[in-house]
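Please look over the sequence and the model below before reading on. The paragraphs that follow take the structure one part at a time.

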Amino acid sequence: MDATPDCHDSIRAVLWQDDHLRLLDQRLLPARERYLDCRDSGEVAQAIRDLAVRGAPAIGIAAAWGVVLAAQRDPATLDAALAQLRAARPTAVNLMWALDRMRRVIEAVRGSDGSVAGARAELPRVLAREARAIQDEDLAANRRMGELGAALIAPGSGVLTHCNTGSLATAGYGTALGVIRAGVSSGRIARVFAGETRPWLQGARLTMWELTRDGIDATLIADSAAAHLMRTGQVQWVIVGADRIAANGDTANKIGTYQLAIAARHHGVRLMVVAPSSTIDLATASGADIDIELRSGDELLGYGGTRTVVAGARAWNPVFDVTPHALIDALVSERGVVERPDVARMAALFGAR
Ligand code: MRU
């Protein structure tokens, strides 16, 4: 029943090419497969803000390469670039985690006077090495989580996923979608359902594209069909990713995850959160302390440039929510599985970094 890692895995969305960053522009999928070429860190920050690149691990990786671009252009701009990239989106801690790694490399190279002048030639090379390591480690973590998560699933199961957590959202393979890839490859997963993920349609536009591209049969549902799907017995697991997991296991993820968790518990369906250790934020005690990104109401008031709601209407658009740890059956990371996460179990696996 071993998963075959290379099966169903052909997409890469974040690519370093010679001297610049290429991002598969996720705003245009599935209609157009177009790459965005970023040649300075400001362009990378904008791509993160505008969701051309999205998904917690992917924005961390893109930001790391953004720091390399700043070093190539002018090492004197590195502090400003780090600050601009950090401010691009607030919720996914992978962004801050990756930038902290890049900052430590800069500090190690800097002279004792804090200047980078003497290290001008060396910095782009050592920073590129760190960005490459962040990207490669993420891919390896995803493959490991795929194996660990799939092993929890009984053969012949149905699963529901939310948002996009796949190759588009990571270095490749994916977190929750990595478990689904591994579970389909090993025959444990027989049915895959994906929620649309209003308002930005990560599930409908991105997950369905990714699964179809990689030969995984999947069925789209309206977000509002999830509880009914569970009631009909077609899914045994809800499998999702995460943007930030607090010290007690409370998990911020795409808006709608919380209501899926409540519906799952009600119907005896289990909830698996799949996230690398770069998503764990032990400095944040609980979900109440997580900054939830509020985006423009315009994302709800229209679609594809066409207004769909009456003029003058207002919309509230939080794009993440927090699932309390008590609703989570398994948290899968590359370090191992935490069943029914709480503060003690989280500290046991993630306490020593
Ligand atoms: O707003 P997005 O599309 O960046 O939100 C993405 C999610 O919520 C994902 O579930 C999460 O980042 C995990 S991706 C492996």
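A polar contact is a pair of N or O atoms within 3.5 Å; within protein, one atom must be able to donate a hydrogen and the other to accept it, and residues adjacent in sequence count only if both atoms are side-chain atoms. This is a predicted model, in which local features need pLDDT of at least 70 and side-chain atom pairs count only at pLDDT 80 or more, while totals for chains, interfaces and linings use all residues. Residues are numbered from 1 along each chain as its sequence is written, and side-chain values use heavy atoms, with hydrogens and water left out.

Thr 161 lies in strand β4, residues 157–161; helices (H or I, at least four residues) and strands (E, at least two) are DSSP runs, numbered from the N terminus. Is Thr 161 buried or exposed? Thr 161 counts as buried because its relative accessibility is 1%; buried means under 20% relative accessible area, exposed over 50%, and partly exposed in between, with a 1.4 Å probe and protein chains only. Leaving aside neighbours within four places in sequence, Thr 161 is in contact with Ala 176, Leu 177, Ile 180, Phe 193, Ala 194, Gly 195, Thr 207 and Ile 239, where contact means heavy atoms within 4.5 Å.

The next topic is the nonpolar cores. A nonpolar core is a set of buried Ala, Val, Leu, Ile, Met, Phe, Trp, Tyr and Cys residues joined through side-chain atoms within 4.5 Å. The largest one has 44 residues, and those with the most contacts inside it are Leu 21, Ile 48, Val 67 and Leu 127. Two or more residues of this core come from each of β1 (14–17), β2 (20–24), α1 (41–49), α2 (56–73), α3 (78–86), α4 (93–109) and α5 (122–150). Helix α2 gives the largest share, 13 residues. Apart from its neighbours within four places in sequence, Leu 21 has contacts that include Val 14, Trp 16, Leu 36, Val 44, Trp 65 and Leu 69. A second, separate core has 26 residues, among them Phe 193, Ile 245, Ala 261 and Phe 350.

The ligand comes next. Around it are 17 residues, of which Arg 54, Arg 89, Asp 243, Asn 253 and Lys 254 come nearest; a residue is near a molecule if one of its heavy atoms lies within 4 Å of it. Oxygen atoms of the ligand lie 2.8 Å from a polar side-chain atom of Asp 243 and 2.8 Å from a side-chain N or O atom of Lys 254. At Gly 55, a backbone N or O atom is 3.0 Å from a ligand oxygen. The protein covers 99% of the 420 Å² of accessible area that the ligand has on its own, by the Shrake-Rupley method with a 1.4 Å probe.

Some backbone details remain. Most residues other than glycine have a negative phi, and most peptide bonds are trans. A cis peptide bond joins Leu 29 and Pro 30, with omega about 0°, and Pro 30 sits in the loop between β2 and β3 (35–38). Another cis bond joins Arg 198 and Pro 199, with omega about 5°; Pro 199 is in the loop between β5 (189–195) and α7 (202–213). Leu 51, in the loop between α1 and α2, has a positive phi near 70° and is buried at 4% relative accessible area. Tyr 173 has a positive phi of about 75°, is found in the loop between β4 and α6 (176–185), and counts as buried at 2% relative accessibility.
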